[in-house]
Structure formats: structure tokens, C-alpha cells
Amino acid sequence: MRNNFKNSTVYQIYVKSFCDSNGDGIGDLNGIRSKLRYIKSLGVDYIWTTPFFCSPMIDNGYDVSDYKNINPMFGTMQDCEAMIADAEELGIGFMFDMVFNHTSNKHEWFQKALAGDKEYMDYYIFQDGLEGGKKPPVEWTASFGGPAWEYVPSLNKWYLHLFDPAQPDLNWENPKVREELKDVIRFWKAKGVKGFRFDVLNLISKPEKFVGLPAGSAHRCCKDGRHVHEFIRELVTDTGIEEMITVGEMASTTLDNCIRYTNPDNHELSMCFSFHHLKVDYKDGDKWSLMPPDLRKLRELFKEWQEEMSKHGGWNAVFWCNHDQPRIVSRFGDEGQYWKQSAKMLGTFIHMLRGTPYVYQGEELGMTNAHYTSIDDYDDVEAINYYNILLQRGISQNEALKVLANRARDNGRTPMQWNAENFAGFSDASPWLKLPDNFTSINVDAEETDPDSILNYYRKLISLRKKYRVISEGEIRFLDTGNEKVLAYERTFEGQKLITVCNFSGDYEKISLSIPEGEVLISNYEDGQKFGELRPYEADVIYNV
Ligand code: GLC
Ligand code: CA
């Protein structure tokens with residue numbers, strides 16, 4: 001039963017930037033409704049939407065103040081119901097984004113807690129400080145910079161927030177909290193939602209005591225915590241969503257934990273997002289320090305995760321892009337001469353892997369980073385905080401802007417590029433976040449009419465997973481190409497064999513791997529498969545060799 005998502009592909013929508021239906025410069029639910037036919041034309045099965053619930057939008061909706069109501073900025077409950085129904089008619093299911101590690105500080109629960117209501121204080125993680133309350137229980141840093149504890153003078157206590165101070169962490173040890181959250185799931189399930197994405201789910205189980213723990217990143221101390229597997233199993237089984245598609249976002253997790261999260265025997269999730277492969281260009285592990293991608297590391301990570309998951313019955317979400325990542329073509333590909341080839345190669349590499357592929361809006365067009373040149377162009381709380389942190393570290397403004405231009409999350413959040421007209425067809429009004437200049441050439445309209453476009457290539461990639469069980473279900477083994485810039489892997493299933501070879505470089509690359517003749521299922525060069533040497537960013541998929 002639980003295999004029904006294995007030949008599926010998920011399309012991710014960043015609601016605020018997908019399509020604006022009422023001319024206020026902000027994407028909305030009716031905008032999504034108006035584009036469902038386009039999404040259907042891609043061949044995807046599910047849509048994951050980023051949160052559009054009531055929120056003060058300090059972290060663009062990842063700070064929820066009411067889980068069961070729609071932020072008026074995005075529409076109404078009626079719009080939401082209509083959106084679900086319209087998609088269902090097209091055979092597409094929605095996966096809603098559940099932000100359960102924390103709420104907004106404006107959530108009723110937190111407001112009651114702040115007022116000193118003991119019952120609700122126990123919904124969050126309030127602790128006494130050290131030295132008579134002056135210092136937090138442990139010196140931890142939050143993900144968006146700054147300390148992870150906030151002092152509340154009226155209570156003389158500190159509360160934990162792994163992200164912004166406006167995002168207090170929930171206390172999952174409290175069974176009442178777990179019941180409240182189950183109730184949210186049941187609410188959306190009853191509305192016809194077909195699956196769920198769980199935000200930073202491996203951070204929910206906190207240490208029993210904080211005093212005396214090592215200082216440093218709060219994230220690192222809370223990941224894959226002591227009760228996390230129990231909590232997930234309880235949430236999933238008590239709400240009856242085990243047969244639905246579920247994906248947990250796992251921050252700084254381990255392979256062993258991800259196998260446990262996703263092996264059906266454990267009754268937890270369908271799949272996980274892990275992020276190690278998106279850190280191979282972090283210098284010394286620091287997101288805010290630039291370095292070209294380490295391709296040897298990239299191969300090692302994919303080899304280990306893919307092969308081990310396959311051996312131990314785990315299942316991963318496979319992806320390059322989401323609303324927290326810069327655009328992949330700007331990052332591991334080439335925005336210039338080989339824009340098309342490199343975007344297609346990167347797509348091929350992901351879509352032939354073992355796992356469920358996620359396509360992030362605009363990735364199927366080869367959308368690029370934003371190329372902002374002023375701090376005023378940015379919106380994201382993380383970008384703005386880190387800009388100041390970089391300046392404090394003594395880095396020049398220009399250098400800091402260069403880091404942001406490569407790493408800021410806003411690079412992936414610019415409005416969807418629908419056509420070459422005003423505001424890229426996203427809105428009639430100036431959008432909430434500035435468009436990159438290249439929307440006049442990179443857009444849906446332009447790519448619809450070009451048979452050789454990235455868009456049409458993605459459609460083909462998605463359809464192959466439906467046709468070939470070796471893609472959706474096969475085992476995987478990484479191959480040695482004798483060239484660290486060329487990654488190759490083999491999939492096998494009931495006598496069928498599939499080989500994928502991808503050149504991650506903009507040069508001609510020789511490989512020692514010899515590949516016998518076979519049917520070229522897809523290639524980003526017209527006359528595919530010219531082995532021994534690969535052309536810049538060449539990708540070939542050979543069947544039944
Ligand atoms: C996840 C979301 C990100 C958000 C964070 C805090 O990583 O994807 O956008 O800022 O969690 O909720
Ligand atoms: Ca709008």
C-alpha cells in the first residue's frame with residue numbers, strides 16, 4: 001500500500017510568489033487555482049504548498065498564529081476548499097505544510113503563556129536562568145543568528161526559540177501539545193488534503209535538561225532528539241495518515257535516523273528531506289562563506305545515502321531546490337553559455353535517482369538567482385540578520401552582498417516567471433519581491449513554444465518515472481567513472497537496467513567507465529551517448545544495456 005507514492009513527483013509552490021489573482025503583488029490561493037492546468041501538464045501527482053495559515057509573516061508564514069485559518073493575504077477558507085476540490089478533479093493531491101516545532105509568538109497559546117497562564121506556559125519551553133535569572137540556561141545560538149533564548153521579565157524566565165524570537169518552540173513532552181497538533185492534522189485531512197510536509201520535524205524532541213549542555217548551535221543539540229521517533233509514530237498513527245504521503249524536513253540529520261524515519265516497519269513517514277548534499281559548497285561548513293561545490297563530496301554523499309537507504313528499506317525525497325535554497329542552475333550549473341544544458345543535466349541527475357523527486361516552482365524553467373545588488377532588495381529575516389552579522393565580522397558591504405547574492409533564501413523566492421510581460425505575468429502590480437531581469441527570456445510562455453526547452457525536458461523526466469519501474473522501484477549502485485566531475489549510477493529491477501551519466505562540468509570530460517550500447521531514454525544533447533568523452537554538462541540515460 002505504502003508504495004503508491006514511489007512513481008510520484010511532487011511540485012512545490014511558494015504561495016507568496018506563485019501567482020497573484022487580485023493585483024496586490026502577493027501570490028494567493030486563487031492564483032494557484034488559475035494555474036492548476038499548467039501544473040497538471042507537468043505530470044506531477046502532488047502539490048506541496050508552503051504555509052498560508054494565519055501568521056504575522058515574520059518568517060513568511062513559518063510562524064503560524066492559527067493553524068486552522070487562512071491568512072487573509074492569501075485568501076479565504078472557501079478559496080482553500082475550492083483549490084483542493086479543483087485539484088482533486090485533475091487527479092492532483094495537496095500536501096499542506098505543518099509547522100509543528102514552533103508557533104508564532106502571536107499564537108493564542110503563547111499569548112496566554114506570556115500572561116502567566118501555567119497551563120499554556122507548559123506548551124512551550126520556559127526555563128529559569130542562571131545567576132539569578134540573568135543568563136540563559138545554556139549559551140545556544142538560533143538558526144537565524146543571535147541567541148536561542150529570550151528573556152521574559154514579567155515571568156523571570158527564558159523561552160527557547162531555535163529560529164526567530166517570534167517563533168517559540170513547542171514542548172512536545174506535554175501530551176496536550178501533541179493532542180492539539182493531531183487535531184490540526186485531522187482538521188486538514190477532513191478538508192481533503194492528501195498528504196503533509198512537516199517543517200523541521202527532527203528538532204521537536206528537546207533534551208530533558210538544558211543546564212550544563214555544551215554551548216553552540218541549538219539546532220545541533222536538538223536534532224534527532226531522544227523521543228523524536230515515538231512522537232512521529234504517535235502523530236502519524238493516531239491521525240490515520242500512515243497511508244498518505246508524508247515528508248519530514250530533517251535538519252542536520254543522520255542516515256541511520258532517516259532510515260528509521262522512513263522504513264515502513266516503523267510506522268513513521270513516507271520520506272525525508274535531508275540537506276547534506278546542499279552543503280558541499282559551504283566553506284568549512286559555513287553557509288555564509290563561499291566555495292565552489294566539492295563534487296567528490298557530492299558523489300560520496302549521494303552514493304552513501306542512496307545505496308544505504310536502498311539496502312535498509314528507507315526512502316528519501318530527492319531534490320535540489322526549495323524556498324530555502326538558492327537556485328540550482330546558478331549554484332551547481334551555469335547561467336551563461338550552458339544554461340539549458342546544465343539545468344537539464346541537474347534535473348536528470350535527480351529524477352533518475354531512487355526516491356521521490358520534488359520540483360520547486362520555476363526550477364522546471366531553469367530560473368536563476370535574483371542578482372540583487374542592494375540590501376534593500378532583500379526581504380528574508382535570515383538574509384537581513386546575516387548581512388549585519390557579516391558586517392560585524394569585518395567583511396565589507398560589497399563582499400557581504402556578494403555572499404547574499406549566492407546564499408540568501410530570497411534567491412529562490414522571486415515571483416514565478418509566467419511570461420515576458422509586466423511583472424512576468426505574476427501580478428498586475430509590483431510584486432512583494434523584485435524579479436530578476438531575465439524573466440523576459442526565462443518564462444513559461446517562451447518555453448512552452450520551444451520543443452527543446454528545459455520545461456519540456458522536465459515533463460519528459462517526470463513521465464519516465466511513471467513508465468519505467470526500474471526508475472520508480474529499482475535498486476541503485478553508484479559507478480566509478482574515473483573522473484570526479486562525472487557522476488554515474490546504475491538502477492536495476494527485474495532484469496531491467498538503467499545507467500545515468502552526468503557531467504557536472506562546463507568542459508569536455510573523459511571517463512574510464514565503458515557503457516555498452518542501449519536505448520537512450522533521455523539526453524540533453526540531440527545525438528546523446530557519445531561515450532569516452534562527455535560534452536559540457538552532458539547527461540545521458542541508457543536503458544537495458
Ligand atoms: C524550515 C522552513 C524555513 C523556515 C524554518 C523555520 O526550514 O523550510 O523556511 O524558516 O523551517 O520554520
Ligand atoms: Ca494577491
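A charge sits over a ring if NZ of Lys or CZ of Arg is within 6 Å of the ring centre and within 35 degrees of the ring normal. By that rule, the charged end of K6 sits over the ring of W315, 4.5 Å from its centre. K16 does likewise with W432: K16 lies over the face of that ring, at 3.8 Å from the ring centre.

Before going on, some bookkeeping. This is a predicted model, in which local features need pLDDT of at least 70 and side-chain atom pairs count only at pLDDT 80 or more, while totals for chains, interfaces and linings use all residues. Residues are numbered from 1 along each chain as its sequence is written, chains are lettered from A and ligands numbered from 1 in the order in which they are written, and side-chain values use heavy atoms, with hydrogens and water left out.

Next, confidence. The term pLDDT stands for the predictor's confidence in each residue, from 0 to 100. The protein averages 97, and 99% of the residues score at least 70. I will speak of helices and strands throughout: these are DSSP runs, H or I of at least four residues for helices and E of at least two for strands, numbered from the N terminus.

Now the aromatic rings. Rings of Phe, Tyr and Trp (its six-membered ring) pair if their centres lie within 6.5 Å; planes under 30 degrees apart count as stacked, over 60 as edge-to-face and the rest as tilted. How many aromatic pairs does this rule give? The count comes to 44. In one of them, F273 and Y358 have ring centres 4.8 Å apart and planes at 70°, so the pair is edge-to-face. F273 lies in strand 13 (residues 271–273) and Y358 in strand 17 (residues 356–360), so this pair ties together parts that are 85 residues apart in sequence. F273 and Y358 are both buried, where buried means under 20% relative accessible area, exposed over 50%, and partly exposed in between, using a 1.4 Å probe and protein chains only.

F275 and F319 form another edge-to-face pair, 5.5 Å centre to centre with 75° between the planes. F275 is in the loop between strand 13 and strand 14, and F319 in the loop between strand 16 (317–318) and helix 11 (328–331), so the parts tied together here are 44 residues apart in sequence. Both F275 and F319 are buried. Elsewhere, ring pairs link Y67, F100, W109, Y120, Y123, F196 and F198 into a cluster.

On to helix 14, residues 397–407. Which of its residues are buried? They are A400, L401, V403, L404, A405 and R407. What covers them includes strand 14 (282–283), strand 15 (286–290) and helix 13 (381–392).

Then the calcium ion, ligand 2. Its donors are D20 (OD), N22 (OD1), D24 (OD), I26 (O) and D28 (OD), at 2.2 to 2.4 Å. Donors here are N, O and S atoms within 2.8 Å of the metal (3.2 Å for Na, K and Ca); water is not among the atoms, so sites may look incomplete. Along the chain, the donors follow the spacing D-x1-N-x1-D-x1-I-x1-D. Is N22 buried or exposed? N22 counts as exposed, at 51% relative accessibility, whereas D24 is partly exposed, at 36%.

Cysteines next. A disulfide is a covalent bond between the sulfur atoms of two cysteines. The rule used is a pair of cysteine sulfur atoms within 2.5 Å, and the structure holds 0 disulfides. For C80, the nearest cysteine sulfur is that of C54, 12 Å away. For C222, the nearest is that of C221, at 6.3 Å. C80 is buried, with a relative accessible area of 0%, and C222 is buried with 0% as well.

Last, the backbone. Most residues other than glycine have a negative phi, and most peptide bonds are trans. H371 has a positive phi of about 60° although it is not a glycine. H371 is in the loop between strand 17 and helix 13, and is partly exposed at 45% relative accessibility. Y537 also has a positive phi, near 55°. Y537 is in the loop between strand 23 and strand 24 (539–543), and is buried, with a relative accessible area of 8%.

Notes
Contact = heavy atoms within 4.5 Å.
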